[in-house]
There are 2 protein chains.
Amino acid sequence: MSRLSFRILATDGAARRGEIVTRHGTIQTPVFMPVGTLASVKSLTTDQLQQLGPEIILNNTYHLMLRPGIDLLEQLGGVHRFMNWDRAVLSDSGGFQVFSLSSIRKVREEGVEFRSHIDGSAHFLSPETSISIQQRMGVDIAMAFDECPAYGIAHAEVERSMELTHRWARRSLAARTGESALFGIVQGGIHHDLRKRSAEEIGAIEFDGVAIGGVSVGEPKEEMLDVMRFTAPLLPEDKPRYLMGVGTPEDLLDGVAAGIDMFDCVMPTRNARNGSLFTSLGKVAIKNARYANDQGPLDPNCSCTTCRTVSRAYLRHLYVTGEIAAMVYNTIHNVSFYLDLMRGIRQSIASNSLQAFRDAFLSRVTGGEVDA
Amino acid sequence: MSRLSFRILATDGAARRGEIVTRHGTIQTPVFMPVGTLASVKSLTTDQLQQLGPEIILNNTYHLMLRPGIDLLEQLGGVHRFMNWDRAVLSDSGGFQVFSLSSIRKVREEGVEFRSHIDGSAHFLSPETSISIQQRMGVDIAMAFDECPAYGIAHAEVERSMELTHRWARRSLAARTGESALFGIVQGGIHHDLRKRSAEEIGAIEFDGVAIGGVSVGEPKEEMLDVMRFTAPLLPEDKPRYLMGVGTPEDLLDGVAAGIDMFDCVMPTRNARNGSLFTSLGKVAIKNARYANDQGPLDPNCSCTTCRTVSRAYLRHLYVTGEIAAMVYNTIHNVSFYLDLMRGIRQSIASNSLQAFRDAFLSRVTGGEVDA
């Protein structure tokens, strides 16, 4: 079979209801990919993750090349076998983490020398090494190696960085020899002229999909949305479009409306560990004393194990006493909430009612209890 | 129905294969009770705990009276409803924790004034308040309020403490008004004469079961075993016998051989969080580098979710990277290991082969890999 195929089943304005076929199953889009940084969606066993039912998750190349290391990971059969996960996996290229986590790094035309944030050991990533590592991980979708410019640097610098990313994109594709599909990444910061050039150049390369990178890097929310709304329509129509590292439930609704097909974000899992829970009635900061005596489910409109089996009072108790089970229950719910949201979004596109779904969602969420 | 009934189905030497009927189901004995300190068996959701299948767990009165507090806990429907657990619960009396966790305490005939180890707030426990709290928790089996003397104090002091425990035992029974069964606790330190007197006095009171307390308080293992072997045969034959806070798999085998029916210990759950795992081939310290490339299951003779789904290499990776899922996987296995051990013990008593089972278990465990 081919590495990846994509077809659009329905549209609603710019929004697309589609299907991506990978070597590890079919993915219904628009899709949210839970983040499994170190080959583990934090706080969940793979068994629990399977019960939640995402069709694809994301793994981080940077983190996995440091621990357990790619030689070992390949020897152990790649990420699927390592974590006993039989559905699709997308890996990032490592580029974003090199720029956000490693404090000592040197960027050359060839690639990036950097030191591990764990033990200071020296490493090198280039288009060729990144693609090689991702292929050895055995992922279904790999990402081109890119440079992610910081927010707030000058236009000329963003342009130079973008041009490097374009050269690296071609080298990434040339380096792809295995069965992993490969997505290109559009850069260009907050500048429309650069985003347009990048969308055209990356869009013209024979990638299996195209991502918008360099967002959620510290810019104000409005600038992220502006970049997303400006860039999405410039991307090829016949390929999956992926908005990297985004975002809140509201962002996902905005992204889908702009024509985005794929999202990933640590927000549901990270917020869960901090006791910040998404519900159909608004956000719940579970530590709040108002929940101490609340015998109701976390979200009356949710059918996850957490909402079916325990009360807000119990979740608050576990959270304030620092029980590990608090993180497990909270993660189950937040991931479930995101997956349910995407299910609702997909149904609404199919029935040409995305706008009504979005309005209803937002009025419920903002009309209800909001802790944070 | 009565609060509790107990019958012996088979014996093998001093060992007893029995059945305890409670208001929340029947318990096959000898039984190991996982510890759910704060109404949570650490690292597990109640859903996961149910899948592991213990017929009874232990909750800590001391911890729950501090957080969430007994008024709230009662209002929320008691521990069963609070944690969504429909099988049996035994609570300790709070006595042990008052003496081991609270640094500021004052023991009088009436009871113990102490300060919370959490926030220094002042509290009072007596036979009457302890039994009242346990009844309001809605537990199936409550424990008499006792004083737990420190290891190494003089005979006269242990004797005075034991006599106080005896007076408190009678007050505990007099205070029991609800549906919870009540067990008495034998004290007496490491002294045979005192243990004998205590076993006789406590054994003569109309409790539903009798426990050996004051062990696992810092004494050498041999002294614990000596107290246990000396005391167990002195306890009433027709009531469940419970050895509190013990112990290793080897201790459980010794205890059962001496005629003990019930055990509890934090060892499987605490060791799991520290990466110390019990297997049928010996102990595994999962952080060891020797497991980095080990694709086998943690325990080839175990059918828990952990052993069925992931490798030692993956468990090591999760542990050394500090992933929360490491604690979940490890706890699932260790609790499963203890429950499987008790199942094997029960079968071996029924078939009059406890000694052979014990010998086979010990030779497998000590003949195999032993990390710690």
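Biologist: How many helices and strands does the secondary structure of chain A come to?

Modeller: This is a predicted model: local features need pLDDT of at least 70, side-chain atom pairs count only at pLDDT 80 or more, and totals for chains, interfaces and linings use all residues. Residues are numbered from 1 along each chain as its sequence is written, with chains lettered from A and ligands numbered from 1 in written order. Helices (H or I, at least four residues) and strands (E, at least two) are DSSP runs, numbered from the N terminus. Chain A comes to 15 helices and 16 strands.

Biologist: What radius of gyration does chain A have?

Modeller: The radius is taken over C-alpha atoms; the globule rule is 2.2 Å times the number of residues to the power 0.38. For 372 residues, a compact globule would have a value near 21 Å, so chain A agrees with its 20 Å.

Biologist: Which residues of strand β12 of chain B are buried?

Modeller: Buried means 20 or more other C-beta atoms within 10 Å of a residue's own, with C-beta atoms placed from the backbone. In a regular strand, side chains alternate between the two faces of the sheet. Both faces of β12(B), residues 209-212, are covered. One side has B:Gly209 and B:Ala211, the other B:Val210 and B:Ile212.

Biologist: Which residue of β12(B) stands opposite B:Val186?

Modeller: Strands pair if DSSP finds at least two bridges between them. Four bridges join β11(B), residues 181-186, to β12(B), and the two run parallel. The residue opposite B:Val186 is B:Ile212.

Biologist: Through which helix does the chain cross from β12(B) to β13(B)?

Modeller: β12(B) and β13(B), residues 241-243, pair in the parallel sense over three bridges. The β-α-β crossover between them is right-handed: with the strands pointing away from the viewer, the path from the first strand over the helix to the second runs clockwise. The helix, residues 221-231, is α9 of chain B.

Definitions and conventions. A residue is buried if 20 or more other C-beta atoms lie within 10 Å of its own, exposed if 12 or fewer, and partly exposed in between; C-beta atoms are placed from the backbone.
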